Every structure is written in structure tokens, then in C-alpha cells.
Amino acid sequence: MVGGLALSQAQSHQVATPRKTPPVPVPALEKRSREQAQPCGTAAATAAVSARPARSLDEVRKAQARHVKLGLDRSPRHARPLLASCALAGWPGGMELAASIFASLDEPEAFDYNTLMRGHVSGCGRDPAAALRLYVDMLEAGVEPDNYTFPFVLKACAQLAALQEGRQLQAHVVKLGLQHDEHVQNSLISFYGKCGEAAMARLAFDWMEAEERTTASWSALLAAYTRAGLWAECLESFGAMVRDGWRPDESSMVSALSACAHLGAYDVGRGVHCALLRNAAALNTIMRTSLVDMYAKCGSIDKAAAVFDAAEDKNAWTYSAMVSGLALHGDGRKALQVFDAMVREGHAPDAAVYVGVLNACSRAGLLEDGLWCFDRMRLEHKVAPNAQHYGCMVDLMARAGRLDDARALIGSMPTGPTDTAWRSLLNACRIHGDLELAERALQELRRLSAANAGDYVIVADMHARAKNWAAAAALRTEAVDRGLAQTPGFSAVEVHGELHRFVSQDMSHPRARDIYEMLHQMEWQLRFDGYEPDTSEVALDVDEEEKRRVAAAHSQKLAMAFALLSTPEGAPVRIVTNLRMSKECHAYSAMISEIFGREIVVRDRNRFHRFRRGACTCGGYW
């Protein structure tokens, strides 16, 4: 531990340190002082040149040579412009020359240390560990850090995910009395967020007085929640930011749109879009891409397409967002058309966009197109397939019924079999009813120590449908003994900007009585049209009447009933569920869309189902 900051052995090698010069005789010192105080001739010209921003590394070297010749190289006042040019311009070799200039200084001040630290955490040649070592040197030299120092060293800690060192720096901040500086506090929030410590980021935010907070403070907090996947907290904080009178900046709105996309909060996302249109002269590519992603994931692929078509400066990320959105909605043909347009526009496809393309083929059942795209990726665009691509191909083949080919592909993966690939095969076994292969897939997931509660439930349910109750019970017991907890199934619906979440047989909602009354009316009307509940997927050893009762109060049906009660006639119903769409809920939703004249959009854990006038966009392929 040096200066109160502990560094690992790997970070202990040398960094640039100021030159230790011998004492200068008093007459010589007086002479040098007079020369520096009254520059004339060449010295004055050199001072003027060094004050101008250098345009290249060669210019800096020439100016530095003149400084050495005139004895000005040790003066921070003359060296600072050169130091800043080298450290911050991003030139190849610039940081090495910056370190050399810094090392020549007699008594560098906090400003000089800050400049070099900033260079180490910015640009393409980043070396955050060097910034931390420089901070330790600063303390050893007796130079007191200022409020500009900590944003740079905290950024270095964030880049290194050095949580312990960052906490020590926070103690330094308090010790120096800088805990109320807005730049330092914002940097602390950002640091904790980038280290995945959203709770600590919130504490750092709460330590700030209301008058100390800025738009940047809120933005850093929202980014911390986004990085941690705390989408509800992100939206709640975004609402608090707006209520407190702050105008969200671009970063805040991108975080809010990302949260809306994951939660399916269409109304809130549309409100953010309206705010952008009111406050921005034009939407940049980042904002348009975020809007495409949000609308697609909130079930409005038409609005996503409208934003996409209106964008004049599309980049590879914009195309990737649109392809992935179309894949979620099962529109494989349209996704392939967008991908072809991307290639024609000269954008080089990367690994991410090919994941979207292969997913689109898988969800639309486009087997031959998927195989062709996989070959095109490898041979034409020279993108090496990774585990995600192979997982998509296994899913594509297995969904199409080619289970043996999918199993053979898993065995030939260069990366080795992955849990994603085996899980894709397991899901396909459920669709096609291949219990033997499902058992093998579960066994391989166990071998990889990757089996989760959902995997056990799939195989247990398959045994239950085959009336193998003992085997089903044994698998569920094994999952419990292994400590694998299954996430409770839920369905959520947004009404007037607020998300309402339901679980099966839920009685906790304030309007539970009205919801169940509506549910009874819905089923009564469906029975007039010949509806009979499909209880084949209710994996319980109970009589048929009990199975019907369980199926009737499914979380998706409860969410649908509440939406029909709470939204105007003809308004779309948008539901998000963490469950896979069952055959019973699929048939039920299709009939409700026709009888009630509503568009019903359901996002299950794999894709979207869009019901209109009794038909679904999935075409029965899911």
C-alpha cells in the first residue's frame, strides 16, 4: 500500500517520474529566473511557439528540442502545451513522448499529473494501470490531488474493474473534503455503475444534496441501472428525474429507451420519443437505433420500421437492430431483405448482425435460407462462426424437425458443445415430442454443469404428458436437491404508463374481483364459438376439471382480462411474459382477438405473437 492506495504486484513496474535535479547555485538560479521572467529573442519566439497547439508529433519534438537547448524543458509553464498535445491528441507514440516531457519537469503540479492521467484513460492507447501508478507517484511526491484528479483515476478503476482501489479513492475524496464536488461525485456514480455495483452507485447519488445533482448525475445513475439490468429501477429514476424538473440528455434517454425495450413499456417509450422530437432539432444515429430497438421489442414493428425508413444516416448498428426486431416478430423474409439492403449500402456485416439473420431464419422456419446465410457468413464475409451462430443453426435445424442433424452439428462445433446448443435441442425435443433425445440433452447439460430448473421442468413435463408420473416427480426432486430455483412465471401488461404483473391464480391485484369476473365473461363468450380448453400441457396428476381450473387462471389470461377492462375499445393489448407461449394460450388469444376486435401482441421468452382477427403472425410455427 502506497499513499493509502493498494496496488497489485502486476501494477508495480516503472512509470514516468519527475527528474530529481541537483541543487542549482544561487547566482545561476537568479540568472535563470531573469531569463524566464524577461524572454527575448529566440527564447521569446520559442515560448510563443510552445503556447500554440502542436499539429503533429514532429512539431512537438522540434519544440521540445528548442526547450532543451534554452533550458526551458524543466519549466511546467513552457512544457504544459507540449505535454497536453502529446497526451491528448491520440497520436501514435504520443504517450511515450508525453511521459518523457513529464519526467523532465522539476516540480510538476497537479495539473501536469492530471494531464498525463487523462491521456492514460482516453484514446486508443489506453493504459489505466499507468494512471493509477501515476496517482501513487503523485501522493509520494507530496502533490495534493484536486477535484480534476479523481474523475481520471476513478475512470481508470472503472476500466480495470478495480472495485477495491476505487473504494480507497473514495476515502481519499472524503479525506480531502471533495465529497461535495459534482464532478467527483458523478465520477463515483459512474465508477460503481461500470463495476456492476448499482446499489453503491445509488448510495453515491443519494449522498449528494439536491442542489449538487446535475443532469450528468442522473445520467450516470440510469446508466448504472441499465448495466445491471435493473430496468424497473431505471424507469422509476427516469420518471423522478423528469418530475424534479431536469431535462434528460441523450445518454439518459438511451438508458430509458433500453429499459422500455426490456420491460415492454410501450407508452413510456413513446413518451420518450415525443420528448426527443420536441427537444432535438434532429435525431442522431444512436437515438434512431435505440428507438428502432425499443419499438420492435415493445411489439410495434410497424413503428420500428417507420423510424428505420426515416433514418438517412443508417449504420451497421441500425440495420442490426432492425434485423433483430424482425427476427423477434418472426418475419424472416423481411429480415433477409433488410440484410441484403445493408450489404448493398456497403456496410460490412459483423458477427452480431449474423446472429439476428440466423435467428430470423430459425423463427420463420426458413431452413434453406438459414443454411445459405451460414455459408455466406463464413465464405463471402469471412466472419468466423462463434458459439452463438452454432446455437442458432442447431435451433434452426431442430425446429424444422431435423433433430439428428442438429445433434450431429453440436458434436462438430469447433468451440465444443455449449449449453446454448444443447438447450436449443432440448426445446425442439419438447416441440417434436422426442423424450429419449431430450433425456440425452439434459444429461449433457448436467455434464457441463449448466442445467437450470427450466431444463428439468421441460423433461419432467414431457414425462408427465406420457403419464410417467414417477419419473416426472424424480426430476423435479433432483432439481430441488441441486438447489435450482425456478423463476416464477409471470405476465405483465402496461396500462396508462404503468406495468401490472400477474402470476397464475393471482388474487393480489386491487381489481382481482373485476378481473376474474371479466375472465368468466371471456370464457363464456368463447364457449359459444366452440372453444374447449386444451389441457394437454398441464403437467399435473389431477382430474380434468382441476386441469381446466388451472388453465383458466393462467397469468397471460389474467393480464389480458385486465387490459380489456382498463383500455378503450379497439386499443391494442400488449403483454410481456417470461413463459413460452402454450398451445392453449395461443388458441385462446387468437379467439379473443376476433371476438373482441382487438389486436393482441404477446412477447413470450422467445418471440412475438401478434393476433389479429383470429390469426397469429407466427403462422402456427413457434
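This dialogue covers a helix pair and a pocket in a predicted model.

Trainee: What should I know about the model before reading it?

Mentor: It is predicted, so local features need pLDDT of at least 70 and side-chain atom pairs count only at pLDDT 80 or more, while totals for chains, interfaces and linings use all residues. Residues are numbered from 1 along each chain as its sequence is written, and side-chain values use heavy atoms, with hydrogens and water left out.

Trainee: How are two packed helices described?

Mentor: Two packed helices are described by the angle between their axes and the distance between the axes. Here the axes of α16 (residues 285–297) and α17 (residues 301–310) come within 7 Å and cross at roughly 165 degrees, and the two helices are therefore roughly antiparallel to each other, a term for angles over 145 degrees.

Trainee: Which residues of α16 and α17 meet?

Mentor: R288, L291, V292, Y295 and A296 in α16 meet I301, K303, A304, V307, F308 and A310 in α17, where contact means heavy atoms within 4.5 Å. By class, this contact has nine nonpolar, no polar and two charged residues.

Trainee: How is a pocket defined, and what is the volume of the second largest pocket?

Mentor: On a 1 Å grid over the protein atoms alone, a pocket is an open set of points where a 1.4 Å probe fits, with protein on both sides within 12 Å along at least five of seven lines, and lining residues have an atom within 4 Å of a point. The second largest pocket has a volume of about 510 Å³, and among its 24 lining residues A232, L235, L263, L499 and R501 lie nearest its centre. Helix α13 (231–243) gives the most to this lining, with five residues.

Conventions. Axes are lines fitted to C-alpha atoms, for helices over the stretch in contact, and angles run from 0 to 180 degrees between N-to-C directions. Helices (H or I, at least four residues) and strands (E, at least two) are DSSP runs, numbered from the N terminus. Angles under 35 degrees count as roughly parallel, over 145 as roughly antiparallel, 65 to 115 as roughly perpendicular and the rest as oblique. Ala, Val, Leu, Ile, Met, Phe, Trp, Tyr, Cys and Pro count as nonpolar, Asp, Glu, Lys and Arg as charged, and the others, Gly among them, as polar. Grid points are joined across faces, edges and corners, and a volume is the space filled by probe spheres set on the points.
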